[in-house]
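Open your viewer, keep the sequence panel within reach, and let's take a short walk together.

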Number of protein chains: 2
Amino acid sequence: MKVVILGGAGFIGRKLAEKLTALGELKGREITSLHLVDIVEPLPLEAPFPVTRVALDLAKADNMAQAVPADSGAVYHLAAVVSGQAEAEFDTGMQANLFGTLNVLERCRALAEPPLVVFASSVAVYGGEIPLPIEDWYLLNPQTSYGTQKAIGELLVNDYSRKGFIDGRGLRLPTVTVRPGKPNAAASSFASSIFREPLQGEEAVCPVAPEATMWICSPRAVIANLVHAAEIEAEAWGKNRCLALPGLLASLGEMVEAMRKVAGDEPVSRIRWEPDPTIQKIVANWPADLKPEKALRLGFKADQSFEDNIRYFLEDDIRR
Amino acid sequence: MKVVILGGAGFIGRKLAEKLTALGELKGREITSLHLVDIVEPLPLEAPFPVTRVALDLAKADNMAQAVPADSGAVYHLAAVVSGQAEAEFDTGMQANLFGTLNVLERCRALAEPPLVVFASSVAVYGGEIPLPIEDWYLLNPQTSYGTQKAIGELLVNDYSRKGFIDGRGLRLPTVTVRPGKPNAAASSFASSIFREPLQGEEAVCPVAPEATMWICSPRAVIANLVHAAEIEAEAWGKNRCLALPGLLASLGEMVEAMRKVAGDEPVSRIRWEPDPTIQKIVANWPADLKPEKALRLGFKADQSFEDNIRYFLEDDIRR
């Protein structure tokens, strides 16, 4: 089976490609090739099967035959313009996140065999007029354009699946931390940089107060759940193919104390607490308290504690 | 103020145009012209101001300057391919209901002054994995392509309003009955024809059992609520510009008994009960039990009893 990763140059796409290469199979079928797609060319990957890499824009319908080859069996659609950019540049976000997703789904529909499609949604679909904690059947009332575009993607994944055009599954990702790499335009970027930079001897600024809470998970948990999403039988999803992933509800203060337990006082001393009212307001509007019962019932997993997240970062992203 | 009605040839668009003509103002501003748009040319309308009528396809972006003139102050977007057709012809539904709505919103965004936009959504957005009765903060998990496209429209109306591109308001319409005219491709078409036809001496078939329930309202209530939606101050809508309208929860059996009370035994004897498993299954999947608390708080109104609906039909649609 050919597996396609749209967003294959991002850190999740990269880690997923490595994981699938190590596993060698998905949903009981041998992986015979991997096709990595992104707006920039994904890096080379060593694998016991062919790995193709292409740079293209999913917002252009003409690119779709190259993005999703005719013999694709499974498609991970992780590609997106992130929250901060989608808010600042409305049209850029709509093109990538709405029309890009429509193009992907239409291309998948045109294949001879309806492919498995795993869509990365986000807890940014939550907000607005809902009580807490958030149950599985609560309204998606996003308060950002990014969240709006992801919620629309979920509706489309559901309807394309119901019609039999694809076998779709959508996961609302928690804020993933500690993520490797550089800060990006996501409003949540600080939630990784205040650990990643100090753990590597650099200073970092925390723009929210220690009391601010987030719904978080580690890169390892996200990758495991993206694989698990493909493994579940179609029938088990019921009438909603999209769900919130398990995560941890943690305050920034608790997360920093977890880093202290694992890595000592020194990294903690490199965090400067400089509240930024704009970012504080955005984070305060992210409902962090979820009850992801359907996901737990279907076997998706959360991390045990943020100390693990710190350890995973040290093991996976620094020490090798 | 110029008021635009997209879907101006439909029965709701027609009744709304008549109502606005009688009122002469909307949200405290004098109506100076009415612009009626539909896929077929709307019928002439006598009014004390200019009434323009055009036939065009909202799915074509090139048509938008003609659909929504530059000096439009309020836009009612009622145009849609109905549920039965959107399910049978997926691409037709997507073109009209998704891309048509995107075209309307983009055109409204391009106007010098952000216009008031009233969007007709539907209780077809409900279904799937939600408990009953339906609260205002429950998930939109539609089980038809029509419902999916309406739910996407709601998300867009919310985001375009949040960004200040429009001043949007969306109403989830109950099944409107008794509607005048001919049967159409809506799966709910029978819910009017089993009253409309017998009240005019003709036979009609009821394809569901008397126990089947629906969430209903009269044309008069819908028109009053469409006007009211424009009158409410923007701030009162909060973080969700879309809501479920009040309605009546009634079984087909109760509705028929209401017709008997108003019009006697003869019309009732003209209904043939011939259950159709396909339509029964569709109707059984329409959750009919709603708690539209936000709408009631904002002053939207339901009918008092289905007997009124029968009387309104006799007064408004036969006897004049």
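**Two domains of chain A**

Start by colouring domain 1 and domain 2 of chain A: their C-alpha centres lie 27 Å apart. This is a predicted model, in which local features need pLDDT of at least 70, side-chain atom pairs count only at pLDDT 80 or more, and totals for chains, interfaces and linings use all residues. Residues are numbered from 1 along each chain as its sequence is written, while chains are lettered from A and ligands numbered from 1 in the order in which they are written.

For the selection, take 2-173 + 218-244 as domain 1 and 190-214 + 248-291 + 303-318 as domain 2; such bounds come from an automatic or database domain assignment.

Helices (H or I, at least four residues) and strands (E, at least two) are DSSP runs, numbered from the N terminus.

**A sheet in chain A**

Now show the open, mixed sheet of 3 strands in chain A, ordered β9-β11-β13; strands pair if DSSP finds at least two bridges between them. β9 (175-176) and β13 (248-251) of chain A each have a single partner strand, so one side of each is left without a neighbour in the sheet. Zoom in on β11 (residues 213-217) of chain A, which runs antiparallel to β13(A) and is joined to it by 4 bridges. One to click on pairs T213(A) with S251(A).

**Across to chain B**

Finally, select the contact between the chains, with 23 residues from chain B and 24 residues from chain A. On the chain B side, helix α5 (residues 145-162) of chain B supplies the largest share, 7 residues.

Terms used. Contact = placed C-beta atoms within 7 Å.
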